[in-house]
Amino acid sequence: MVAYLIRRFLYMITTLIFVSIIGFVIINLPPGSYLDVYRAQRQMQGTSTAKEEIEALKRRYALDQPVYVQYLKWISGFVRGDFGRSFQYNREVSDLIWERLGYTAIISFSTLLFTWIVAIPIGIYSATHQYKLGDHIFTFIGLAGLSIPNFMLALVLMVVAQRAFGQSVGGLFSREFKDAPWTLAKFIDFLKHLWVPIVVVGTSGTAGLIRMMRGNLLDILNMQYIQAARARGLPESKVIVKHAVRNAIHPLIMLLGMSLPGIISGSTVVAIVLSLPTTGPLYFNALRQQDMFLAGTFLLFLSVMLIIGNFLADLLLAWIDPRIRLE
Amino acid sequence: MDQDVILQVDDLRVHFFTQEGLVRAVDGVSFTAKRGQVLGIVGESGCGKSVTAQAILRIVPPPGEIVGGKIIYYRQSSNNGAGNVTQTVDLTALPARGREMREIRGGEISMVFQEPMTSLDPVYTIGDQIMEAITLHQKVNKSEARERAIEMLRLVGMPRPEETIDNYPHQLSGGMRQRVMIAIALSCSPSLLIADEPTTALDVTTEAQILELMRGLQQELGTTILLITHNLGVIAEMCDDVIVMYLGKVVEHTDVDTLFFNPKHPYTQALLQSIPRIESTKKERLKPIRGIVPDPYAIPSGCPFWPRCDHYIPGLCDREEPDYITVEPDHEVRCHLYDPERKTNAQVNESR
């Protein structure tokens, strides 16, 4: 078990190093050096750049030195939390990201939670009542949820909320609370806005998860050990929970690990439609504007989350499945 | 009813309502099992042996359903030391998931499955699974259950039971897993053990060990065994009485000696001719049963065996379903040839 963990951990570190190199290469792919772009950007805004500033930047990113030094400089900065500077916003990338990361994480985590809490019981119900009325209804809803594009659902929900309830649904706060300090009223207002992105992003995720849970569980319910558990006289509810679900949840844990990057990237399209102050739209703009340090930072962050997610999923799998733990 | 009967199945019908059509997996099966004996059920794949077993435990998977017949279980309980009291229960009348059925299932009637590789849950230790059965049916605490589980493992010949109890199924071989299944099945001292092809998935040496174990335990504990198999060798070695099934019906019911030396039904005769004999010296081809098992969606009318039967009587066998005919005491056969009103017996015996 310990050997397994160490091996997994080493894999993770190796992958991270390679990913960071690729990330750095991508940052440097756009034509012209960072300085040229910076200067051009400045000129377009009608300000000239002082020679001292250029020199300072040169030193900061080691631009007059070989590429591997630049990489080392960048990655060591990254580890310390210095991600470089966004010239689109002319601010430190770290400031830009941190101020949005909190909301993004809240929305993403609640969505993930919503998805699992709703989907797993429905999946179990659907599988244990296969081809009964309830199963058909959930299958229909699930397929509808899968096939309606998220941004479409977001638009429809916005219209409905606006027309029927007179509630503003864009953003995360009503106008009067936007810059107000945190109070109970502001928190309640926040919750009022939070449900829209959760429902919008959650529906498609829920639908997919229901189908997966149902399919897995149906497979497991056909296994001989389920019949054997019944033949022992175990009550049906215990057969399902103790033996069937525990085995059926297996592939979903892998999926959970892969959904970790989504916590940062959020659902970009939905966030743009609902004008949410999350990192998704920021990433999208950085890519469009060739804001290389901002985009590169996101890229690396997403990869790190994916790798950590997979590592956590491996740990979870080893915990629930003795065949992995003991091999 | 006689005291020595433990299970009486009467005209049992289990049908599967599939999308492709109706499958009469078990269609009018009747037999009795005597207490303390080993009753074999033999037949080809798909003849309804396993479904009969599932019906007795009331665990027929959907879309299968018991649509008719009775399964009478003669339940014995000690009456405060004043001897045993036998009480009859119709298992088909109990709610499948109800409390009484669950008490019987695993507690009084238990089952060993065909595939030892897949009949244990991979994520729990074998000890967990044995103790699960023990704590369900007996009033014991955890450490007593563990003691009992170790004792059961020792009984089924598991090496180093104190350590093996904490193993996971994937750490054991097929034969060892089947021993675990037998330990689970016997852990609550059931009065009836259903063994559904317990050795089919095992190699021959392991098969011999498992059969020997089961026979030994049967003699030691006096458990009645319902042994389902397609292997006539296993039947010869293990059973007292045998029923032969074909396409959801019992075609012959007799004791094991009569089955091998004086079989009556043409299907039984054909089955026996299709097994190789080690003592035969002359070069002799095996005689397979001609034709194939019919499609389960289109079972022939009348006697289901007539399209493959050498003694087929046109106009009778394909029209009328034969009744159980008692040819000798304790020897029943479902074939028109033995109908006392028809005198064709000689003809059959000649051809053997």
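## Backbone features in chain B

B:Pro63 sits in the loop of chain B between α1 (49-57) and β4 (64-78). Helices (H or I, at least four residues) and strands (E, at least two) are DSSP runs, numbered from the N terminus. The peptide bond from B:Pro62 to B:Pro63 is cis, with omega near 5°. B:Ser189 is not a glycine, yet has a positive phi of about 45°. The loop between α6 (174-186) and β7 (192-196) of chain B holds B:Ser189. Most residues other than glycine have a negative phi, and most peptide bonds are trans.

## Model and conventions

This is a predicted model: local features need pLDDT of at least 70, side-chain atom pairs count only at pLDDT 80 or more, and totals for chains, interfaces and linings use all residues. Residues are numbered from 1 along each chain as its sequence is written, chains are lettered from A and ligands numbered from 1 in the order in which they are written, and side-chain values use heavy atoms, with hydrogens and water left out.

## Interface of chains A and B

In chain A, 22 residues are in contact (heavy atoms within 4.5 Å) with 30 residues of chain B. The two chains bury about 2400 Å² between them, 58% of it on carbon and sulfur atoms. Buried area is the accessible area (1.4 Å probe) that two parts lose on being put together, summed over both. On the chain A side, A:Gln224, A:Gln227 and A:Arg232 lose the most area to chain B, together 28% of what that side buries.

Twelve residue pairs, both at pLDDT 80 or more, are in polar contact between chain A and chain B. A polar contact is a pair of N or O atoms within 3.5 Å; within protein, one must be able to donate a hydrogen and the other to accept it, and residues adjacent in sequence count only if both atoms are side-chain atoms. The elements of chain A giving two or more residues to the side that touches chain B are α9 (224-231), α10 (236-248) and α16 (322-325). The largest share, six residues, comes from α9(A).

## Salt bridges

The structure holds 24 salt bridges over all chains. The rule asks for a side-chain nitrogen of Lys or Arg within 4 Å of a carboxyl oxygen of Asp or Glu. It finds three across the interface of chain A and chain B.

B:Glu132 and A:Arg232 pair at 2.4 Å, N to O. This pair runs from helix α3 (residues 126-137) of chain B to the loop between α9 and α10 of chain A. A:Glu236 and B:Arg97 form a salt bridge at 3.7 Å, N to O.

## Helix contact in chain A

Helices α7 (residues 150-165) and α8 (residues 184-221) of chain A have axes that come within 9 Å and cross at roughly 145°. Axes are lines fitted to C-alpha atoms, for helices over the stretch in contact, and angles run from 0 to 180 degrees between N-to-C directions. From α7(A), the contact residues include A:Leu153 and A:Leu157; from α8(A), they include A:Trp195 and A:Val199.
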